[in-house]
Amino acid sequence: MTENKNLLDVSGLTAGYGATSVLKDLNFKVAQGEVVAIIGRNGVGKTTLLRTLMGLIRHSQGIVRFDHQDVSNLKTYQRARLGIGYIPQGREVFPRMTVWENLKVGEMLQQPGKGVDYERVYEFFPILRERARQRAGTFSGGQQQQLAIGRAMVGKPKLMLLDEPSEGIQPNIVKEISRNILKLNRELGMTILFVEQNLDMIMKMAQRCYVMDKGQIIDELEVTQLRDRELMRRILAV
Ligand SMILES: Nc1ncnc2c1ncn2[C@@H]1O[C@H](COP(=O)(O)OP(=O)(O)O)[C@@H](O)[C@H]1O
Ligand SMILES: [Mg+2]
C-alpha cells in the first residue's frame with residue numbers, strides 16, 4: 001500500500017442549522033504541506049464548512065479525519081489541541097481585551113503545560129509585541145488579522161483554516177498577509193486551507209483549489225488552471 005499523507009480527509013459530510021442541511025455529502029482531502037483554497041459564491045456554505053471542521057457546528061452524517069484520526073465527534077478545544085488552528089471570517093478578536101490577552105486566549109485553548117511559542121509569533125508579527133498592551137479593538141483590519149493569525153499560531157497547529165483572510169483589508173496589506181501565510185507554510189511546514197474570493201490572493205497562494213456550490217465540492221482546479229486569470233474570473237463570477 002502507498003503511504004497515505006492526507007492530513008485532512010472529509011467524506012460524506014452533511015451538516016447545517018436545525019433541520020436544514022447546508023453541507024450535503026461533501027468530500028475532499030488535503031495532503032500534509034499543501035496550500036489549498038476553497039472558492040465559491042456567497043452563501044454556498046464555505047463558512048459552515050470551516051465551522052463544522054472545527055466542531056462549532058454538529059454534523060449529522062459523514063466523517064472528518066485529521067491526522068489519521070476520526071475527529072468528527074470531538075469538541076472544538078479537542079480539535080484545537082490536536083493541531084487545527086482556526087481564523088474565523090471577520091477575525092473575531094476580542095476588541096476590549098489587549099493584544100496580549102487575545103494571544104493568551106490562543107494559549108488557553110491548548111493543553112496545559114504544552115510548550116507555546118510567543119517568540120515565533122513576535123518574529124512573524126513584531127507589532128503584536130510592540131503594542132501588547134493596546135486594546136485589540138483599536139487595531140486596523142490588517143492588524144487584527146495579524147493578531148488572529150498570531151492567536152492561532154501560539155498553539156503551533158499542523159493545519160491552519162482561514163476564512164476569507166482578505167475581507168475588509170486594504171490591497172497593500174492583503175499582499176503582506178498573503179506573504180505571511182505562505183511563510184507559515186514554507187518555514188513552519190503548516191498545511192493551509194483557506195476560503196477566499198480575492199483573485200490575487202488565490203492566485204498568489206493556492207497550489208490547488210476546490211470549487212464549492214450548494215453545499216458540495218463540485219470541481220477541483222490544478223495549478224495551471226489557477227494561473228489562468230480569465231478562467232478564474234469566470235468561476236468566481238458564477
Ligand atoms: N447561524 C445560521 N443559522 C441558519 N442559517 C445559517 C446560519 N449561518 C449561515 N446560514 C445559512 O447557511 C448557508 C451557507 O452560509 P455560509 O456558510 O455562511 O456561506 P458562505 O460562507 O459560503 O458565504 C446560507 O444559506 C446561510 O443563510
Ligand atoms: Mg463565509
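Author: Helices (H or I, at least four residues) and strands (E, at least two) are DSSP runs, numbered from the N terminus. With that, there is an open sheet of four strands in the order S2-S1-S4-S5, with antiparallel pairing. Also keep in mind that this is a predicted model, where local features need pLDDT of at least 70, side-chain atom pairs count only at pLDDT 80 or more, and totals for chains, interfaces and linings use all residues. Residues are numbered from 1 along each chain as its sequence is written, while chains are lettered from A and ligands numbered from 1 in the order in which they are written.

Reader: Ok, and which strands stand at the edges of that sheet?
Author: Strand S2 (20–31) and strand S5 (69–70) do; each has a single partner strand, so one side of each is left without a neighbour in the sheet.

Reader: How many bridges do S1 and S2 pair over?
Author: Eight, in the antiparallel sense. Ala15 stands opposite Leu23 in S2, and Tyr17 is opposite Thr20 in S2. S1 and S2 form a hairpin with two residues between them, and Gly18 in the turn has a positive phi of about 60°.

Reader: What about S1 and S4, how do they pair?
Author: Antiparallel again, over six bridges. The bridge partner of Asp9 in S4 is Arg65. Strand S4 (residues 59–66) also pairs with S5 in the antiparallel sense, over two bridges, and there Phe66 has Gln69 in S5 as its bridge partner.

Reader: Which helix packs on this sheet?
Author: H1 does, touching strand S1 (6–17), S2 and S4, and its direction makes about 70° with that of S2. Contact here means that the C-beta atoms of two residues, placed from the backbone, lie within 7 Å. As for angles, axes are lines fitted to C-alpha atoms, for helices over the stretch in contact, and angles run from 0 to 180 degrees between N-to-C directions.

Reader: New topic. What's the order of the sheet of six strands?
Author: That open sheet runs S6-S7-S8-S3-S9-S10, with mixed pairing. Its edge strands are strand S6 (84–87) and strand S10 (216–221), each pairing on one side only. Neighbouring strands in this sheet are turned by 20° against each other on average, direction ignored.

Reader: Which residues are around ligand 1?
Author: Tyr17, Val22, Gly40, Asn42, Gly43, Val44, Gly45, Lys46, Thr47 and Thr48. A residue is near a molecule or strand if its C-beta atom, placed from the backbone, lies within 6 Å of it. The shell has three nonpolar, six polar and one charged residues. Its largest share, three residues, comes from helix H1 (residues 46–53).

Reader: Last one: how many helices and strands does the protein chain have?
Author: The protein chain has 10 helices and 10 strands. Its C-alpha atoms fill a box of roughly 45 × 40 × 40 Å, taken along the principal axes.

Definitions and conventions: Nonpolar A, V, L, I, M, F, W, Y, C, P; charged D, E, K, R; others polar. Pairing = 2+ DSSP bridges.
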